[in-house]
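Here is a briefing on one protein model. It covers strand pairing, helix packing, pockets and a salt bridge.

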Amino acid sequence: MAIIEKNTGICVGQIAIFLVDNKNHFCEIEYCLGSKFHRKGYMTEAVLAILDYCFNQVNFHKVQVCHKENNIASQGVIRKCNFTYEGTLRDYFYMDGKYVSRLYYSMLKEEFPEESFR
């Protein structure tokens, strides 16, 4: 799904649901945002909206998300949205001549802070 800046109508990023497991009622989300739109709250708003959709429309039990160890901006979004840290897959990616770990987080339906979203 596109993330559109309300004032300009410009597409500033995207957010997606993938790795859907209907049998076990969970999915993973992924997202990206143009660097000049960082630290404006757009991604936090988009993640909360997709969580609302996942939990209240699709009825997933669990939503997971991850980030590369050096992606501090993404880690901030994940923490603001109150995901729970699950663990680290060490040396998951080989990038630019070095290994980079992947950190996983999740949220259960009963943990979704609906009152802060509505």
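In strand 6, R102 is the bridge partner of L89. The model is predicted: local features need pLDDT of at least 70, side-chain atom pairs count only at pLDDT 80 or more, and totals for chains, interfaces and linings use all residues. Residues are numbered from 1 along each chain as its sequence is written, and side-chain values use heavy atoms, with hydrogens and water left out.

- Six strands form an open sheet in the order 1-2-3-4-6-5, with mixed pairing.
- Strand 1 (2-4) and strand 5 (84-95) are at the edges with a single partner strand each, so one side of each has no neighbour in the sheet.
- On average, neighbouring strands of this sheet are turned by 30° against each other, direction ignored.
- Helices (H or I, at least four residues) and strands (E, at least two) are DSSP runs, numbered from the N terminus.
- Two strands count as paired if DSSP finds at least two bridges between them.

**Hairpins**

- Strand 5 and strand 6 (residues 98-108) run antiparallel and are joined by eight bridges.
- G87 stands opposite Y104 in strand 6.
- The hairpin of strand 5 and strand 6 has two residues between the strands, and D96 takes a positive phi near 50° there.
- Strand 1 and strand 2 also run antiparallel, with three bridges between them.
- I3 has G13 as its bridge partner in strand 2.
- Six residues lie between strand 1 and strand 2 in their hairpin, where G9 in the turn has a positive phi of about 75°.
- Seven bridges pair strand 2 with strand 3 in the antiparallel sense.
- D21 has F26 as its bridge partner in strand 3.
- Four residues separate the strands in the hairpin of strand 2 and strand 3, and H25 takes a positive phi near 60°.

- Axes are lines fitted to C-alpha atoms, for helices over the stretch in contact, and angles run from 0 to 180 degrees between N-to-C directions.

**Largest pocket**

- The largest pocket holds about 590 Å³ of space.
- A pocket is an open set of points on a 1 Å grid over the protein atoms alone, with protein on both sides within 12 Å along at least five of seven lines; the probe is 1.4 Å, and lining residues have an atom within 4 Å of a point.
- Its lining has 28 residues, with Y31, N71, A73, S74 and V77 nearest the centre of the largest pocket.
- Strand 3, helix 1 (42-56), strand 4 and helix 2 each give at least two residues to this lining.
- By class, the lining has 14 nonpolar, seven polar and seven charged residues.

**Second largest pocket**

- About 250 Å³ of space lies in the second largest pocket.
- It is lined by 13 residues, and I3, I4, Y42, E45 and A46 are the closest to its centre.
- Helix 1 gives the most to this lining, with six residues.
- The lining of the second largest pocket has ten nonpolar, no polar and three charged residues.

**Salt bridges**

- The structure holds two salt bridges (a side-chain nitrogen of Lys or Arg within 4 Å of a carboxyl oxygen of Asp or Glu).
- K6 pairs with E45 in a salt bridge, with the closest N and O atoms 3.2 Å apart.
- K6 lies in the loop between strand 1 and strand 2 (11-21) and E45 in helix 1, so the pair ties together parts 39 residues apart in sequence.

Methods: Points joined across faces, edges and corners; volume = space filled by probe spheres on them. Nonpolar A, V, L, I, M, F, W, Y, C, P; charged D, E, K, R; others polar.
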